[in-house]
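Subject: Structure handover

Hello,

Here is the structure I promised to pass on. Please open it next to this message and follow along.

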Amino acid sequence: MNSVPEGVILSEAGILEKDGIFFYSASDFARENLFYPMWGANYLCTAPYAVSHRTFDAFLLFYIADGELSFTCRSQSFVARAQDVVLLDCKYAHEYHAEQPVRFYWFHFRGAASQAYCDRLWERAGAHFPNHPEAGQLFVRMQQLLRAQTGSDDSCSVCIHRLLASLNAAPSRALSPPVMRARNYMFAHYQENISIDDIAAQAALSRYHFSRIFRMETGTSPHSYLTEVRLLHAKQLLLETSDSVEQIAAACAFCSSSNFIRTFRRINGLTPAKFRQMFHSL
């Protein structure tokens, strides 16, 4: 009977040194509600080290401490270098190999929000996150927790969450002129019945190209951004005026008061009336 968990390769050619593999047993609570590691290690490898997986229901994080490791996944091919982080969704076929000495940390993980986080990061940046030196300490911490076999579920979950959050909080860059024009147009005309085509025209781009660029730079769609702008102003009117919900819905270009109430509750978790009441009771 094979006692090695699916996704683990214990005898890989080209490994010069390794600390691990260390396995982690998460509680039922962690499996249902937290991020949790499955196993991980710290390797020093060289050619012909190579790993190829077809599919495996987990996620895989790497931190390159020194050297280079080449990756191919989901139509992307890239070389990760010192201080780079790589995040793979192992449900997609992937391959990585060393052509020269490389030292790296790695661990598989699962848990609540893992798929959503991975999908979000893939949409924004793919699998490769260059120049994240601060992540090294978190990988070292995870290695310590795995090695000790006594790491708490909470400590492991916090470590993974901090890693994913650091990748998601990549240094912000200035918006491109087309996206800035579109953003300014939304703030100036949110009270009007403007369409995505109208906004794309301000950016001098096709609707498809504009939507793709806008999402890439802001992390959200033009429609969602415009809705947030309208809701922001609606909140100000709810708190600073005595206008009715119907009047505020019209002032912020919602197609009806019922649509405004439904959208407000979906985004904020309570109705406009409850929102106003909550602040007026403070």
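Below are notes on salt bridges, a pocket, a surface patch and one distance.

Please keep in mind that this is a predicted model.

Salt bridges

The whole structure holds seven salt bridges. Side chains of opposite charge can pair when their charged atoms come close. Here are some of the pairs.

Arg103 and Glu17 meet through their side chains, with 3.1 Å from N to O. This pair links distant parts of the chain. Arg103 sits in strand E9 (residues 102-111), Glu17 in strand E1, and 86 residues separate them. Arg103 is partly exposed because its relative accessible area is 27%. Glu17 has 43% relative accessibility, so Glu17 counts as partly exposed too.

Asp19 bridges to Arg147, and their closest N and O atoms are 2.3 Å apart. Again the pair links distant parts of the chain. Asp19 belongs to strand E1 and Arg147 to helix H3 (residues 135-148), 128 residues apart. Asp19 has a relative accessible area of 24%, so Asp19 is partly exposed. Arg147 is partly exposed as well, with 40%.

Glu123 forms a salt bridge with Arg215; the closest N and O atoms are 3.2 Å apart. Glu123 lies in helix H2 (residues 114-125) and Arg215 in helix H7 (residues 207-218), so the pair ties together parts 92 residues apart in sequence. Arg215 has 36% relative accessibility and therefore counts as partly exposed.

Asp57, Asp89 and Lys91 are linked in a network of salt bridges.

The second largest pocket

This pocket has about 220 Å³ of space. Its lining includes Asn193, His223, Arg230, Phe254 and Asn259. Which helix gives the largest share of the lining? That is H8, with four residues. By class, the lining has six nonpolar, five polar and one charged residues.

The surface patch

Helix H8 (residues 222-240) also contains Leu239. Leu239, Met278 and Phe279 form a nonpolar patch on the surface. Together they have about 240 Å² of accessible area. Leu239 is partly exposed, because its relative accessibility is 33%.

A distance to check

Look at Ala26, in the loop between strand E1 (15-23) and helix H1 (28-33). Is Ala26 buried or exposed? Ala26 counts as buried, because its relative accessibility is 12%, under the 20% cut-off. Ala26 and His233 are 207 residues apart in sequence. From C-alpha to C-alpha, Ala26 and His233 are 45 Å apart in space.

Best wishes

Conventions:
Residues are numbered from 1 along each chain as its sequence is written. This is a predicted model: local features need pLDDT of at least 70, side-chain atom pairs count only at pLDDT 80 or more; totals for chains, interfaces and linings use all residues. Side-chain values use heavy atoms; hydrogens and water are left out. Patches are made of residues with over 30% relative accessible area and no salt bridge: like charges are joined within 9 Å, nonpolar side chains (Val, Leu, Ile, Met, Phe, Trp, Tyr) within 5 Å. Accessible areas come from the Shrake-Rupley method with a 1.4 Å probe; for residues, only the protein chains shown count as cover. A salt bridge is a side-chain nitrogen of Lys or Arg within 4 Å of a carboxyl oxygen of Asp or Glu. Helices (H or I, at least four residues) and strands (E, at least two) are DSSP runs, numbered from the N terminus. Buried means under 20% relative accessible area, exposed over 50%, partly exposed in between (1.4 Å probe, protein chains only). On a 1 Å grid over the protein atoms alone, a cavity is a set of points where a 1.4 Å probe fits but cannot get out, and a pocket is an open set with protein on both sides within 12 Å along at least five of seven lines; lining residues have an atom within 4 Å of a point. Grid points are joined across faces, edges and corners, and a volume is the space filled by probe spheres set on the points. Ala, Val, Leu, Ile, Met, Phe, Trp, Tyr, Cys and Pro count as nonpolar, Asp, Glu, Lys and Arg as charged, and the others, Gly among them, as polar.
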